[in-house]
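Hello,

I am handing over the structure for you to look at. My notes on a pocket, a helix and some aromatic rings follow it.

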Amino acid sequence: MTLLERLGRREEKGKTEVKEENIFAGRAVDAKEEEYQTLKLNVHRAIVEEMTSEQQKILDGTNRSRQDIENVISGYVQRVLEHNPFVVPRGERARLVSDICDEILGYGPIEPFLKDDTITEVMVNGPKKIYVERMGKLHLTGAQFHDNAHLMSIIDKIVTPIGRHVDEASPLVDARLPDGSRVNIVIPPLSLIGPCVTIRKFSKTPFSVENLISFGTLSEEMAIFLRACVKAKLNIMVSGGTGSGKTTSLNVLSSFIPHDERIVTIEDAAELRLEQPHVVTLEARPANIEGKGAVTIRDLVKNSLRMRPDRIIVGEVRGGEALDMLQAMNTGHDGSLTTAHANSPRDVLSRLETMVLMSGLDLPVRAIRDQISSALDLIIHQERIQDGSRKITYITEVQKMEGDVIVLQDLFRYKQTGFDENGKAMGQFVPTGLQPQFLAKFKAHNVEFPKFMQRAGGAWEEGE
(Lines give C-alpha, C1' and ligand atoms only; values in the text may rest on other atoms or scores of the structure.)
Protein backbone atom coordinates (compact mmCIF):
# COMPACT_ATOMS: atom_id res chain seq x y z
CA MET A 1 0.00 0.00 0.00
CA THR A 2 1.38 3.39 -0.97
CA LEU A 3 1.88 6.28 1.44
CA LEU A 4 -0.92 8.24 -0.26
CA GLU A 5 -3.32 5.29 0.18
CA ARG A 6 -2.42 5.00 3.85
CA LEU A 7 -2.95 8.72 4.33
CA GLY A 8 -6.28 8.45 2.51
CA ARG A 9 -7.40 5.71 4.87
CA ARG A 10 -6.42 7.80 7.86
CA GLU A 11 -8.41 10.73 6.47
CA GLU A 12 -11.48 8.54 5.93
CA LYS A 13 -11.12 7.21 9.47
CA GLY A 14 -10.96 10.79 10.75
CA LYS A 15 -14.15 11.63 8.85
CA THR A 16 -15.88 8.61 10.41
CA GLU A 17 -14.80 9.68 13.89
CA VAL A 18 -16.11 13.20 13.31
CA LYS A 19 -19.40 11.80 12.06
CA GLU A 20 -19.71 9.74 15.25
CA GLU A 21 -19.14 12.92 17.27
CA ASN A 22 -22.06 14.58 15.50
CA ILE A 23 -24.32 13.19 18.22
CA PHE A 24 -24.69 15.34 21.31
CA ALA A 25 -26.98 14.81 24.28
CA GLY A 26 -28.29 11.60 22.70
CA ARG A 27 -29.77 12.94 19.46
CA ALA A 28 -28.56 13.11 15.86
CA VAL A 29 -28.92 15.80 13.22
CA ASP A 30 -31.40 14.48 10.65
CA ALA A 31 -34.72 15.21 8.98
CA LYS A 32 -36.62 14.69 12.23
CA GLU A 33 -34.60 17.45 13.82
CA GLU A 34 -35.70 19.81 11.03
CA GLU A 35 -39.31 18.78 11.66
CA TYR A 36 -38.87 19.31 15.37
CA GLN A 37 -37.42 22.79 14.83
CA THR A 38 -40.41 23.72 12.66
CA LEU A 39 -42.83 22.47 15.32
CA LYS A 40 -41.00 24.42 18.04
CA LEU A 41 -41.20 27.57 15.94
CA ASN A 42 -44.95 27.10 15.40
CA VAL A 43 -45.60 26.57 19.11
CA HIS A 44 -43.48 29.58 19.99
CA ARG A 45 -45.41 31.77 17.56
CA ALA A 46 -48.72 30.49 18.96
CA ILE A 47 -47.62 31.44 22.45
CA VAL A 48 -46.63 34.95 21.36
CA GLU A 49 -49.87 35.51 19.45
CA GLU A 50 -52.39 34.00 21.88
CA MET A 51 -50.95 34.61 25.33
CA THR A 52 -53.10 36.73 27.59
CA SER A 53 -51.71 39.83 29.27
CA GLU A 54 -51.88 38.02 32.61
CA GLN A 55 -49.77 35.16 31.29
CA GLN A 56 -47.30 37.60 29.78
CA LYS A 57 -46.87 39.12 33.22
CA ILE A 58 -45.86 35.67 34.47
CA LEU A 59 -43.22 35.41 31.76
CA ASP A 60 -41.98 38.93 32.40
CA GLY A 61 -41.89 38.59 36.18
CA THR A 62 -38.29 38.61 37.31
CA ASN A 63 -39.18 36.79 40.54
CA ARG A 64 -41.06 33.97 38.81
CA SER A 65 -39.50 30.54 38.93
CA ARG A 66 -38.76 28.58 35.79
CA GLN A 67 -41.38 26.05 36.92
CA ASP A 68 -44.13 28.72 36.87
CA ILE A 69 -43.17 29.65 33.32
CA GLU A 70 -42.97 26.02 32.20
CA ASN A 71 -46.50 25.43 33.53
CA VAL A 72 -47.84 28.25 31.32
CA ILE A 73 -45.96 27.04 28.26
CA SER A 74 -46.90 23.39 28.84
CA GLY A 75 -50.58 24.19 28.34
CA TYR A 76 -49.87 25.80 24.98
CA VAL A 77 -47.70 22.92 23.88
CA GLN A 78 -50.45 20.42 24.72
CA ARG A 79 -53.07 22.38 22.78
CA VAL A 80 -50.91 22.91 19.69
CA LEU A 81 -49.90 19.26 19.55
CA GLU A 82 -53.54 18.15 19.56
CA HIS A 83 -53.96 19.82 16.15
CA ASN A 84 -50.54 18.89 14.73
CA PRO A 85 -49.97 15.75 12.66
CA PHE A 86 -46.40 15.42 13.96
CA VAL A 87 -46.47 12.82 16.75
CA VAL A 88 -44.26 13.85 19.65
CA PRO A 89 -43.33 11.25 22.28
CA ARG A 90 -43.90 12.18 25.91
CA GLY A 91 -40.17 12.58 26.55
CA GLU A 92 -39.85 14.92 23.57
CA ARG A 93 -42.74 17.02 24.86
CA ALA A 94 -40.76 17.78 27.99
CA ARG A 95 -37.82 18.74 25.79
CA LEU A 96 -40.12 20.96 23.70
CA VAL A 97 -41.32 22.83 26.79
CA SER A 98 -37.74 23.22 28.03
CA ASP A 99 -36.51 24.45 24.64
CA ILE A 100 -39.28 27.03 24.34
CA CYS A 101 -38.47 28.24 27.84
CA ASP A 102 -34.88 28.67 26.66
CA GLU A 103 -36.17 30.67 23.67
CA ILE A 104 -38.19 33.00 25.90
CA LEU A 105 -35.86 33.28 28.90
CA GLY A 106 -32.43 32.53 27.43
CA TYR A 107 -30.53 32.16 24.19
CA GLY A 108 -32.46 29.40 22.47
CA PRO A 109 -30.60 26.28 21.27
CA ILE A 110 -27.29 27.35 22.83
CA GLU A 111 -28.75 27.94 26.31
CA PRO A 112 -28.05 24.37 27.56
CA PHE A 113 -24.41 24.70 26.48
CA LEU A 114 -24.03 27.97 28.37
CA LYS A 115 -25.31 26.22 31.52
CA ASP A 116 -23.00 23.23 31.09
CA ASP A 117 -19.90 23.85 33.21
CA THR A 118 -17.88 21.25 31.27
CA ILE A 119 -18.14 23.34 28.07
CA THR A 120 -15.61 26.14 27.69
CA GLU A 121 -16.52 27.52 24.27
CA VAL A 122 -19.63 27.62 22.06
CA MET A 123 -19.19 28.25 18.32
CA VAL A 124 -22.18 28.89 16.03
CA ASN A 125 -21.27 28.59 12.33
CA GLY A 126 -24.52 29.68 10.71
CA PRO A 127 -27.91 28.39 11.86
CA LYS A 128 -27.32 24.66 11.29
CA LYS A 129 -23.90 24.02 12.85
CA ILE A 130 -23.16 24.53 16.53
CA TYR A 131 -19.82 23.33 17.90
CA VAL A 132 -18.69 23.20 21.52
CA GLU A 133 -15.31 22.78 23.14
CA ARG A 134 -15.06 20.33 26.01
CA MET A 135 -11.74 19.35 27.63
CA GLY A 136 -9.89 21.13 24.83
CA LYS A 137 -11.62 19.11 22.07
CA LEU A 138 -14.22 20.33 19.54
CA HIS A 139 -17.55 18.51 19.11
CA LEU A 140 -20.30 19.13 16.56
CA THR A 141 -23.62 19.12 18.41
CA GLY A 142 -27.07 18.10 17.25
CA ALA A 143 -28.58 21.47 18.19
CA GLN A 144 -29.44 24.01 15.52
CA PHE A 145 -31.37 27.19 14.85
CA HIS A 146 -34.40 27.17 12.58
CA ASP A 147 -32.92 29.66 10.09
CA ASN A 148 -30.85 32.85 9.86
CA ALA A 149 -33.75 34.96 11.17
CA HIS A 150 -34.01 32.76 14.27
CA LEU A 151 -30.26 33.09 14.90
CA MET A 152 -30.38 36.87 14.37
CA SER A 153 -33.20 37.17 16.94
CA ILE A 154 -30.96 35.48 19.52
CA ILE A 155 -28.05 37.75 18.53
CA ASP A 156 -30.28 40.79 19.11
CA LYS A 157 -31.16 39.32 22.49
CA ILE A 158 -27.45 39.18 23.32
CA VAL A 159 -26.42 42.66 22.18
CA THR A 160 -29.51 44.80 22.96
CA PRO A 161 -29.28 44.70 26.81
CA ILE A 162 -25.68 45.94 26.68
CA GLY A 163 -26.45 48.82 24.34
CA ARG A 164 -24.79 47.34 21.29
CA HIS A 165 -26.08 47.05 17.74
CA VAL A 166 -25.32 44.69 14.88
CA ASP A 167 -26.45 45.05 11.25
CA GLU A 168 -24.92 45.26 7.79
CA ALA A 169 -23.46 48.67 8.59
CA SER A 170 -21.68 47.32 11.71
CA PRO A 171 -21.40 43.56 11.17
CA LEU A 172 -18.73 42.95 13.83
CA VAL A 173 -19.39 43.01 17.57
CA ASP A 174 -17.38 42.10 20.67
CA ALA A 175 -19.58 41.92 23.73
CA ARG A 176 -19.96 40.35 27.15
CA LEU A 177 -22.80 38.29 28.61
CA PRO A 178 -24.11 39.06 32.10
CA ASP A 179 -22.15 36.08 33.49
CA GLY A 180 -18.90 37.51 32.12
CA SER A 181 -18.62 35.24 29.07
CA ARG A 182 -17.00 36.89 26.05
CA VAL A 183 -18.97 37.03 22.80
CA ASN A 184 -17.80 37.71 19.25
CA ILE A 185 -20.41 38.11 16.50
CA VAL A 186 -19.88 38.30 12.73
CA ILE A 187 -22.85 38.54 10.37
CA PRO A 188 -23.28 38.78 6.56
CA PRO A 189 -21.98 40.25 4.34
CA LEU A 190 -18.69 39.54 6.15
CA SER A 191 -19.69 35.96 6.92
CA LEU A 192 -20.64 33.91 3.89
CA ILE A 193 -22.22 31.05 5.89
CA GLY A 194 -24.68 33.13 7.87
CA PRO A 195 -24.34 34.77 11.29
CA CYS A 196 -21.45 33.40 13.37
CA VAL A 197 -21.31 33.58 17.15
CA THR A 198 -18.34 32.58 19.32
CA ILE A 199 -18.80 32.54 23.09
CA ARG A 200 -15.79 32.04 25.37
CA LYS A 201 -17.13 30.90 28.72
CA PHE A 202 -15.43 31.43 32.04
CA SER A 203 -15.70 29.41 35.21
CA LYS A 204 -18.21 30.75 37.74
CA THR A 205 -15.44 30.56 40.32
CA PRO A 206 -12.04 31.67 38.97
CA PHE A 207 -9.41 28.97 38.75
CA SER A 208 -6.83 29.05 41.52
CA VAL A 209 -3.16 28.19 41.21
CA GLU A 210 -3.96 24.85 42.85
CA ASN A 211 -6.41 24.14 40.01
CA LEU A 212 -3.74 24.86 37.39
CA ILE A 213 -1.29 22.58 39.18
CA SER A 214 -3.87 19.78 39.26
CA PHE A 215 -4.62 20.34 35.54
CA GLY A 216 -0.91 19.97 34.79
CA THR A 217 -0.59 23.54 33.46
CA LEU A 218 2.46 24.14 35.65
CA SER A 219 4.40 22.48 38.46
CA GLU A 220 4.29 23.38 42.14
CA GLU A 221 7.85 24.74 41.95
CA MET A 222 6.88 27.02 39.07
CA ALA A 223 3.88 28.26 41.06
CA ILE A 224 6.06 29.08 44.08
CA PHE A 225 8.52 30.92 41.84
CA LEU A 226 5.79 32.91 40.03
CA ARG A 227 4.13 33.89 43.32
CA ALA A 228 7.46 35.30 44.51
CA CYS A 229 7.97 37.12 41.20
CA VAL A 230 4.58 38.87 41.46
CA LYS A 231 5.23 39.87 45.06
CA ALA A 232 8.67 41.21 44.03
CA LYS A 233 6.90 43.42 41.46
CA LEU A 234 8.42 41.97 38.34
CA ASN A 235 6.88 43.13 35.06
CA ILE A 236 5.42 40.01 33.49
CA MET A 237 3.93 39.22 30.08
CA VAL A 238 1.91 36.06 29.42
CA SER A 239 2.16 34.98 25.79
CA GLY A 240 0.60 32.23 23.72
CA GLY A 241 -1.78 31.41 20.91
CA THR A 242 -5.55 31.73 20.79
CA GLY A 243 -7.22 29.50 23.38
CA SER A 244 -3.95 28.67 25.14
CA GLY A 245 -5.23 29.90 28.51
CA LYS A 246 -3.46 33.26 28.76
CA THR A 247 -6.33 35.04 30.51
CA THR A 248 -6.75 32.23 33.03
CA SER A 249 -3.05 32.35 33.87
CA LEU A 250 -3.15 36.15 34.09
CA ASN A 251 -6.04 35.90 36.54
CA VAL A 252 -4.08 33.42 38.68
CA LEU A 253 -0.99 35.65 38.62
CA SER A 254 -3.08 38.62 39.71
CA SER A 255 -4.31 36.62 42.72
CA PHE A 256 -0.75 36.80 44.10
CA ILE A 257 -0.88 40.61 44.35
CA PRO A 258 -1.05 41.74 48.01
CA HIS A 259 -4.46 42.96 49.16
CA ASP A 260 -3.18 46.34 50.31
CA GLU A 261 -2.33 47.53 46.77
CA ARG A 262 -4.44 49.58 44.33
CA ILE A 263 -4.93 47.69 41.06
CA VAL A 264 -6.21 49.12 37.77
CA THR A 265 -7.33 46.55 35.17
CA ILE A 266 -7.81 47.51 31.51
CA GLU A 267 -9.56 45.21 29.02
CA ASP A 268 -11.51 45.18 25.79
CA ALA A 269 -14.19 43.04 27.43
CA ALA A 270 -13.82 42.66 31.19
CA GLU A 271 -12.86 39.06 31.95
CA LEU A 272 -10.50 39.27 34.90
CA ARG A 273 -12.04 38.62 38.29
CA LEU A 274 -9.79 39.80 41.05
CA GLU A 275 -10.52 39.13 44.69
CA GLN A 276 -8.52 42.05 46.10
CA PRO A 277 -10.62 44.80 47.74
CA HIS A 278 -9.06 47.77 45.91
CA VAL A 279 -9.57 47.13 42.19
CA VAL A 280 -10.59 49.64 39.49
CA THR A 281 -11.93 47.88 36.39
CA LEU A 282 -11.79 49.81 33.11
CA GLU A 283 -13.29 48.56 29.84
CA ALA A 284 -12.70 49.94 26.35
CA ARG A 285 -15.69 51.28 24.43
CA PRO A 286 -16.22 50.90 20.68
CA ALA A 287 -17.49 53.69 18.47
CA ASN A 288 -21.24 54.25 18.25
CA ILE A 289 -23.32 53.89 15.08
CA GLU A 290 -22.07 57.28 13.93
CA GLY A 291 -18.45 56.21 14.38
CA LYS A 292 -17.87 58.43 17.40
CA GLY A 293 -17.26 58.01 21.11
CA ALA A 294 -14.67 55.22 20.96
CA VAL A 295 -12.36 54.84 23.97
CA THR A 296 -9.41 52.58 23.18
CA ILE A 297 -7.15 50.46 25.34
CA ARG A 298 -4.43 53.02 24.66
CA ASP A 299 -6.61 55.85 25.98
CA LEU A 300 -7.27 53.86 29.15
CA VAL A 301 -3.59 52.98 29.68
CA LYS A 302 -2.67 56.67 29.45
CA ASN A 303 -5.46 57.63 31.82
CA SER A 304 -4.59 54.88 34.33
CA LEU A 305 -1.24 56.57 34.99
CA ARG A 306 -3.17 59.46 36.56
CA MET A 307 -5.11 57.13 38.87
CA ARG A 308 -2.26 56.40 41.28
CA PRO A 309 -2.08 52.66 40.55
CA ASP A 310 0.22 50.28 42.40
CA ARG A 311 -0.31 47.78 39.61
CA ILE A 312 -1.59 48.07 36.05
CA ILE A 313 -3.02 44.95 34.43
CA VAL A 314 -3.82 45.10 30.71
CA GLY A 315 -5.87 42.13 29.48
CA GLU A 316 -4.09 42.09 26.13
CA VAL A 317 -1.83 44.41 24.17
CA ARG A 318 -2.28 44.24 20.42
CA GLY A 319 -1.45 47.72 19.11
CA GLY A 320 0.00 51.11 19.98
CA GLU A 321 -0.90 50.70 23.65
CA ALA A 322 2.19 48.47 23.92
CA LEU A 323 4.37 51.61 23.89
CA ASP A 324 2.36 53.21 26.69
CA MET A 325 2.51 49.98 28.67
CA LEU A 326 6.29 49.76 28.30
CA GLN A 327 6.69 53.41 29.30
CA ALA A 328 4.54 52.79 32.38
CA MET A 329 6.74 49.84 33.34
CA ASN A 330 9.81 52.03 32.87
CA THR A 331 8.50 54.94 34.94
CA GLY A 332 7.89 53.40 38.35
CA HIS A 333 4.84 51.22 37.75
CA ASP A 334 6.58 47.95 38.53
CA GLY A 335 4.57 44.77 38.93
CA SER A 336 2.51 45.35 35.77
CA LEU A 337 0.95 42.32 34.06
CA THR A 338 -0.34 41.82 30.53
CA THR A 339 -0.79 39.25 27.74
CA ALA A 340 -0.01 39.10 24.04
CA HIS A 341 -0.45 36.67 21.17
CA ALA A 342 2.87 35.06 20.19
CA ASN A 343 4.31 31.69 19.20
CA SER A 344 7.37 31.72 21.46
CA PRO A 345 9.15 33.96 24.00
CA ARG A 346 11.44 35.26 21.25
CA ASP A 347 8.40 35.97 19.07
CA VAL A 348 6.99 38.14 21.88
CA LEU A 349 9.84 40.59 21.40
CA SER A 350 9.24 40.84 17.65
CA ARG A 351 5.53 41.33 18.23
CA LEU A 352 6.20 44.09 20.76
CA GLU A 353 8.47 45.90 18.29
CA THR A 354 5.70 45.78 15.68
CA MET A 355 3.07 46.98 18.15
CA VAL A 356 5.23 49.89 19.30
CA LEU A 357 5.62 51.00 15.67
CA MET A 358 1.79 50.90 15.42
CA SER A 359 1.70 53.78 17.91
CA GLY A 360 2.63 56.12 15.07
CA LEU A 361 6.00 57.18 16.48
CA ASP A 362 8.94 56.66 14.16
CA LEU A 363 11.33 55.19 16.72
CA PRO A 364 14.64 53.47 15.87
CA VAL A 365 14.55 49.71 16.40
CA ARG A 366 17.43 49.99 18.87
CA ALA A 367 15.43 52.44 21.01
CA ILE A 368 12.40 50.15 20.99
CA ARG A 369 14.50 47.17 22.06
CA ASP A 370 16.07 49.23 24.85
CA GLN A 371 12.55 50.05 26.09
CA ILE A 372 11.50 46.39 25.98
CA SER A 373 14.61 45.02 27.70
CA SER A 374 14.48 47.57 30.52
CA ALA A 375 10.70 47.24 31.02
CA LEU A 376 10.02 43.49 30.86
CA ASP A 377 11.43 41.07 33.43
CA LEU A 378 9.66 37.82 32.65
CA ILE A 379 7.79 36.10 29.80
CA ILE A 380 5.46 33.21 30.61
CA HIS A 381 4.69 31.32 27.41
CA GLN A 382 1.67 29.04 27.28
CA GLU A 383 0.52 26.55 24.64
CA ARG A 384 -2.43 24.27 23.99
CA ILE A 385 -1.00 20.77 23.52
CA GLN A 386 -2.38 18.30 20.98
CA ASP A 387 -4.45 16.46 23.61
CA GLY A 388 -6.28 19.70 24.41
CA SER A 389 -4.46 20.46 27.68
CA ARG A 390 -2.80 23.80 28.37
CA LYS A 391 0.81 23.95 29.50
CA ILE A 392 3.19 26.72 30.48
CA THR A 393 6.01 25.66 28.17
CA TYR A 394 8.51 28.42 29.02
CA ILE A 395 9.25 30.78 31.88
CA THR A 396 11.87 33.06 30.36
CA GLU A 397 13.83 35.96 31.81
CA VAL A 398 14.29 39.08 29.70
CA GLN A 399 17.84 40.27 30.23
CA LYS A 400 19.69 43.31 28.90
CA MET A 401 20.89 44.07 25.41
CA GLU A 402 24.00 42.54 23.90
CA GLY A 403 24.74 44.54 20.80
CA ASP A 404 21.40 44.92 19.02
CA VAL A 405 19.88 41.74 20.45
CA ILE A 406 17.84 41.30 23.61
CA VAL A 407 19.17 38.34 25.60
CA LEU A 408 16.62 35.79 26.83
CA GLN A 409 17.29 33.12 29.45
CA ASP A 410 14.93 30.18 30.05
CA LEU A 411 14.33 29.41 33.73
CA PHE A 412 11.76 26.62 33.23
CA ARG A 413 10.77 24.55 30.20
CA TYR A 414 8.13 21.92 29.54
CA LYS A 415 9.72 18.86 27.96
CA GLN A 416 7.19 16.62 26.21
CA THR A 417 8.19 12.96 25.97
CA GLY A 418 5.24 11.56 24.01
CA PHE A 419 1.65 10.39 24.49
CA ASP A 420 0.16 7.60 26.59
CA GLU A 421 -2.25 4.95 25.31
CA ASN A 422 -5.20 7.31 25.88
CA GLY A 423 -3.64 10.06 23.77
CA LYS A 424 -2.75 12.21 26.78
CA ALA A 425 0.49 14.18 26.51
CA MET A 426 3.35 12.97 28.72
CA GLY A 427 6.17 15.21 29.84
CA GLN A 428 7.68 17.15 32.70
CA PHE A 429 8.50 20.69 33.74
CA VAL A 430 12.26 21.08 33.84
CA PRO A 431 14.17 23.88 35.59
CA THR A 432 17.23 24.97 33.65
CA GLY A 433 19.35 25.61 36.73
CA LEU A 434 20.21 29.15 35.62
CA GLN A 435 19.96 31.96 38.12
CA PRO A 436 18.03 35.07 37.03
CA GLN A 437 19.50 38.55 37.05
CA PHE A 438 16.51 40.31 38.62
CA LEU A 439 17.36 39.33 42.21
CA ALA A 440 17.79 43.01 43.10
CA LYS A 441 14.00 43.46 42.80
CA PHE A 442 13.46 40.68 45.33
CA LYS A 443 15.75 42.43 47.80
CA ALA A 444 14.20 45.85 47.11
CA HIS A 445 10.72 44.55 47.96
CA ASN A 446 11.86 42.31 50.81
CA VAL A 447 10.75 39.12 49.09
CA GLU A 448 12.63 35.91 49.77
CA PHE A 449 13.95 34.24 46.64
CA PRO A 450 12.74 30.60 46.54
CA LYS A 451 15.35 28.40 48.20
CA PHE A 452 15.04 25.59 45.69
CA MET A 453 16.21 28.02 42.98
CA GLN A 454 19.39 28.99 44.81
CA ARG A 455 22.27 27.25 43.12
CA ALA A 456 24.73 25.12 45.00
CA GLY A 457 27.90 24.44 43.09
CA GLY A 458 26.28 25.30 39.78
CA ALA A 459 23.33 22.91 40.26
CA TRP A 460 19.81 23.28 41.63
CA GLU A 461 19.37 22.41 45.28
CA GLU A 462 17.14 19.39 45.70
CA GLY A 463 14.73 18.73 48.54
CA GLU A 464 14.39 22.35 49.62
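Strand S4 gives the largest share of the lining of the second largest pocket, 5 residues. The model is predicted, so local features need pLDDT of at least 70 and side-chain atom pairs count only at pLDDT 80 or more, while totals for chains, interfaces and linings use all residues. Residues are numbered from 1 along each chain as its sequence is written, and side-chain values use heavy atoms, with hydrogens and water left out.

The pocket

The volume of the second largest pocket is about 840 Å³. A pocket here is an open set of points on a 1 Å grid over the protein atoms alone, where a 1.4 Å probe fits, with protein on both sides within 12 Å along at least five of seven lines; lining residues have an atom within 4 Å of a point. The volume is the space filled by probe spheres set on the points, which are joined across faces, edges and corners. Of the 28 lining residues, Arg 164, Asp 174, Arg 285, Pro 286 and Ala 287 lie nearest the centre of this pocket. Strand S4 (172–176) and helix H11 are the elements that give two or more residues to the lining. Helices (H or I, at least four residues) and strands (E, at least two) are DSSP runs, numbered from the N terminus. By type, the lining has 13 nonpolar, 6 polar and 9 charged residues. Ala, Val, Leu, Ile, Met, Phe, Trp, Tyr, Cys and Pro count as nonpolar, Asp, Glu, Lys and Arg as charged, and the others, Gly among them, as polar.

Helix H11

In H11 (residues 297–304), the residues Ile 297, Arg 298, Leu 300, Val 301 and Ser 304 are buried (under 20% relative accessible area, 1.4 Å probe, protein chains only). They lie on the same side of H11, because their arc around the axis covers only 160 degrees (taken from the directions from the helix axis to the C-beta atoms). The buried residues of H11 pack against strands S8 (263–267), S9 (279–283) and S10 (311–314) and helix H12 (321–330), where contact means heavy atoms within 4.5 Å.

Aromatic rings

The whole structure holds 7 aromatic pairs. Rings of Phe, Tyr and Trp (its six-membered ring) pair if their centres lie within 6.5 Å; planes under 30 degrees apart count as stacked, over 60 as edge-to-face and the rest as tilted. Phe 225 and Phe 412 form a tilted pair, because their ring centres are 5.8 Å apart and their planes at 45 degrees. This pair links helix H9 (residues 220–231), which holds Phe 225, to strand S14 (residues 405–419), which holds Phe 412, 187 residues apart. Phe 225 is buried at 0% relative accessibility, and Phe 412 is buried at 2%. Phe 438 and Phe 442 are stacked, because their ring centres are 6.0 Å apart and their planes at 20 degrees. Both Phe 438 and Phe 442 are buried. Phe 225, Phe 412, Phe 438, Phe 442 and Phe 449 form one aromatic cluster.

Regards

Terms used
Buried means under 20% relative accessible area, exposed over 50%, partly exposed in between (1.4 Å probe, protein chains only).
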